[in-house]
Structure formats: C-alpha cells, structure tokens
Amino acid sequence: AVYGLPEDLAREVQDECFFPDGLLCDLRRYQEWGVKYILHQGKVLLGDEMGLGKTVQAIATMVSLKNTGATHFVVLCPASVIINWCREIQKFSKLRVIKVHGSGRNAALQEWIRSGGVAVTTYETTSYFDLPDLFRYTLLIVDEASMLPAKLVKYIISTCKKLNIKIIFQGDSFQLPPVGEKQSYAFTQCYKTNYLNEIVRQ
C-alpha cells in the first residue's frame, strides 16, 4: 500500500495527470501525490497536519484544472483567513483571485461570474451567492470545515448535489476509518460530526 491506499487505487492515482503550468512553487512528493488523489477522486476530505501544505495542494489542484479548461473556483472559509487565502493564491500561482466579501461583495461576485478565477468568500456570504441557473463552477474548497455553521450545511449539501463538483474539505486532522477503494478520502484520519460525513459523500 502507498500512503495507506490499496495497491490498485494507488496505481491509478500515480497515473493521474497533473498539469502544473502556472504554479509558482515546487511541490513535495507527498503534496503532488495529494493533488493527484484529489484530481482522481473528485471528492476529498483533506486533513493533513498543520504545516504540511493543505493550502498549496488546493491551489495546485485549481491550477491543474485550469490547465484542462476549468474557469471558476470557490474557496469558502472563515472571515479571519480570507485575506490569507487571497495572498497565498497570488503568491503560489498565476490564478486570478477575487475577494467576495464586505460591501463590494455583489460587484465582486458579478465580476467573478463574468471573468472567472478563484472567488474567496466566507460562510455567511454564501447567502448572497445568486448564481444563474445554468452557471457551473468546477471546484469548491471548504476551509476549516468543522467550523461550518449548521445553518449552512443543507446549502452546501444541496450545492454539491446540484453541481456534482469536486470538493476539498480542509481543517484540523481527523481520525478516519481505514481507506477503502470506494471511499473518497486521502491523508485523513475521522469524521468529527455526521454532517461532514454527509457532505463529503455527495
């Protein structure tokens, strides 16, 4: 087994294509493996220990997806780290980042819809996300998912079902059951609550 994955799944992940053009940093081996796992599985609960580069893996995933035609991404995070997310995306990639928060949120949202890039927003600001019916984005990153307000859980679940998008859940390390071939988890160790289980399986 590689990184705790079954041999067949590990081989598929290893063969997954990763397109780093536009990424402004070099990934460590386990980080590149993490990006390939995300691209392969599509729905991932990412719970690496603090300092191991979850943010960089998320950014690298968006870069690779952009290189294969994706245009719109969303980062959902606590207000306390929204500036840090914008700074890290600009530091480690050539991706366009738009902060959708505060008094200019509606104008910023419309600009993101028109021009694409990474919309970085907060849990609460999602209530202002009035997206066209046929509008689709490729990747949703939920940072510090264990802090997600209960009132937004149904919204996130319904969004995942409707869009069938790729998801990364970041936050403190958890303790997960052993990874099976049909499970969608990587480098994670356990569900803190039932709603995380519910969301990640959508």
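Reply: Of the 202 residues of the protein chain, 52% count as buried, where buried means under 20% relative accessible area, exposed over 50% and partly exposed in between, with a 1.4 Å probe and protein chains only. This is a predicted model, in which local features need pLDDT of at least 70 and side-chain atom pairs count only at pLDDT 80 or more, while totals for chains, interfaces and linings use all residues. Residues are numbered from 1 along each chain as its sequence is written, and side-chain values use heavy atoms, with hydrogens and water left out.

Me: What makes a stretch of the protein chain count as a helix or a strand, and how many of them are there?

Reply: Helices (H or I, at least four residues) and strands (E, at least two) are DSSP runs, numbered from the N terminus. By that rule the protein chain has seven helices and seven strands, and their order from the N terminus is α-α-β-α-β-α-β-α-β-β-α-β-β-α.

Me: Why is Glu-32 called partly exposed?

Reply: Glu-32, which lies in helix α2, has a relative accessible area of 32%, and this value falls between the limits of 20% and 50%, so Glu-32 is partly exposed. Apart from neighbours within four places in sequence, Glu-32 is in contact with Phe-18 and Leu-27, contact being heavy atoms within 4.5 Å.

Me: Why are α2 and α3 called oblique to each other?

Reply: Helix α2 (residues 29–41) packs against α3 at an angle of about 55°, with the axes 9 Å apart; axes are lines fitted to C-alpha atoms, for helices over the stretch in contact, and angles run from 0 to 180 degrees between N-to-C directions. Angles under 35 degrees count as roughly parallel, over 145 as roughly antiparallel, 65 to 115 as roughly perpendicular and the rest as oblique, and α2 and α3 are therefore oblique. The contact involves Tyr-30, Gln-31, Gly-34, Val-35, Ile-38 and Leu-39 of α2 together with Gln-57, Ala-60, Thr-61, Ser-64 and Leu-65 of α3.

Me: What are the classes of the residues in the contact of α2 with α3?

Reply: Ala, Val, Leu, Ile, Met, Phe, Trp, Tyr, Cys and Pro count as nonpolar, Asp, Glu, Lys and Arg as charged, and the others, Gly among them, as polar. On this basis the contact of α2 with α3 has six nonpolar, five polar and no charged residues.

Me: Why are α3 and α4 also described as oblique to each other?

Reply: The axes of α3 and α4 cross at roughly 60° and come within 10 Å, and α3 and α4 are therefore oblique to each other. Their contact is made by Thr-55, Val-56, Ala-58, Ile-59 and Met-62 of α3 and by Trp-85, Glu-88, Ile-89 and Phe-92 of α4.

Me: How do you know that the buried residues of α4 are on the same side?

Reply: In helix α4 (residues 82–92) the buried residues are Ile-82, Trp-85, Cys-86, Glu-88, Ile-89 and Phe-92. They cover an arc of only 165° around the axis, which puts them on the same side of α4, the arc being that of the directions from the helix axis to the C-beta atoms. Gln-90 and Lys-91, on the other side of α4, are exposed.
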